[in-house]
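Please keep the structure in view while reading.

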Amino acid sequence: MTQRVFSAMQPTSDSLQLGNYLGALVQWVKLQDTHDAIYSVVDLHALTVSPEPELLRSRTRATAAQFLAAGVDPDRSLCFVQSHVPQHAELAWILSTFTGMGEAGRMTQFKDKSAKVGESGTNVGLFTYPILMAADILLYDTNVVPVGEDQRQHLELSRDLAQRLNGRFGDGTVVVPEPHIVKSTAKIYDLQDPTAKMSKSAVSPKGTIEILEDPKKVAKNIKSATTDSGSEIRFDREAKPGVANLLTIYSALDGRSVEQLEADYEGKMYGHLKVDLADVVVEYLTPIREAALDWIESPDRLDEVLAQGAAKASALAQGTLDRIYDRLGLVPALHR
């Protein structure tokens with residue numbers, strides 16, 4: 001039986017960046033060949049940071065458009081917006097009744113984010129965020145979840161809750177998900193601070209390579225990337241983090257190994273590397289950018305794809321929810 005994979009991204013920026021693409025989307029596209037794939041734009045999660053309504057709406061469509069442009073195929077995968085499938089919120093409530101306060105309070109991301117915004121800026125949604133994430137996963141009888149280190153703790157909560165439900169209400173109440181770790185995934189760092197991961201929430205826009213950014217701006221950011229002392233082009237994460245980052249990006253997009261790139265650029269200057277890398281990145285991202293913009297400029301077509309995905313996802317989700325409701329002793333709704 002084909003295993004099911006679920007993964008998602010929040011619509012918290014105007015554009016995804018290269019780290020999202022190489023760290024997640026490339027893997028999502030590959031997993032379509034081997035798994036029953038379900039991918040979502042989790043807009044309910046994004047509400048925890050109080051976005052402006054029109055900004056949230058445009059970013060949700062833009063995020064979905066970039067999924068499709070990168071190769072997520074709605075004929076082979078489910079692609080939908082989280083809020084279009086109300087069972088996510090329903091299951092989150094059920095799971096919250098099986099989650100301890102201390103358990104939720106130990107989540108590292110909650111501690112970090114609440115520390116940044118203070119008590120007045122911390123909402124209950126931020127506290128229960130991992131429970132909604134668990135609902136996202138368990139709702140589809142998910143077998144595997146692609147996760148990075150920053151989400152591993154949240155997946156462990158999903159596993160704990162699944163095992164808790166199965167222990168009380170019987171095996172098969174929910175599927176216990178497993179992490180899907182891809183060892184070869186390129187980790188991309190900020191162009192201005194190559195010791196920090198490239199992120200949608202980067203301090204400086206010059207530190208990111210955004211998929212929807214104007215190609216000239218992308219090239220400019222790469223050419224102004226922070227490099228290191230000396231002039232030798234070699235991979236050394238500790239001594240030369242800036243050059244190491246540029247070589248990692250180059251290898252991921254060009255296909256040449258880092259070792260081959262080191263040999264090819266022996267005796268050349270950092271400027272040569274940056275100019276060539278800028279050309280490689282622009283050439284690689286341009287067709288993805290154009291395809292995404294085509295989806296964004298055709299909102300009716302995009303919304304129809306998302307509606308079809310949501311309808312299929314809702315049917316799957318309701319089957320899981322009905323099973324859980326029955327195990328918990330909730331009276332079935334005759335005319336749902």
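A polar contact is a pair of N or O atoms within 3.5 Å; within protein, one must be able to donate a hydrogen and the other to accept it, and residues adjacent in sequence count only if both atoms are side-chain atoms. The model is predicted, so that local features need pLDDT of at least 70 and side-chain atom pairs count only at pLDDT 80 or more, while totals for chains, interfaces and linings use all residues. Residues are numbered from 1 along each chain as its sequence is written, and side-chain values use heavy atoms, with hydrogens and water left out.

The side chain of Arg59 reaches the backbone oxygen of Thr12 at 3.2 Å and makes a polar contact of 2.9 Å with the side chain of Asp14. Arg59 belongs to helix H3, residues 53-70 (a helix is a DSSP run of H or I with at least four residues, numbered from the N terminus). Its relative accessibility is 18%, and Arg59 therefore counts as buried (under 20% relative accessible area, with a 1.4 Å probe and protein chains only).

Leu138 lies in helix H7, residues 124-138, and counts as buried because its relative accessibility is 1%. Leu138 and Pro177 are 39 residues apart in sequence, yet their C-alpha atoms are 7.6 Å apart in space. Beyond neighbours within four places in sequence, Leu138 is in contact (heavy atoms within 4.5 Å) with residues including Leu91, Ala162 and Thr320.

Terms used
Helices (H or I, at least four residues) and strands (E, at least two) are DSSP runs, numbered from the N terminus. Buried means under 20% relative accessible area, exposed over 50%, partly exposed in between (1.4 Å probe, protein chains only).
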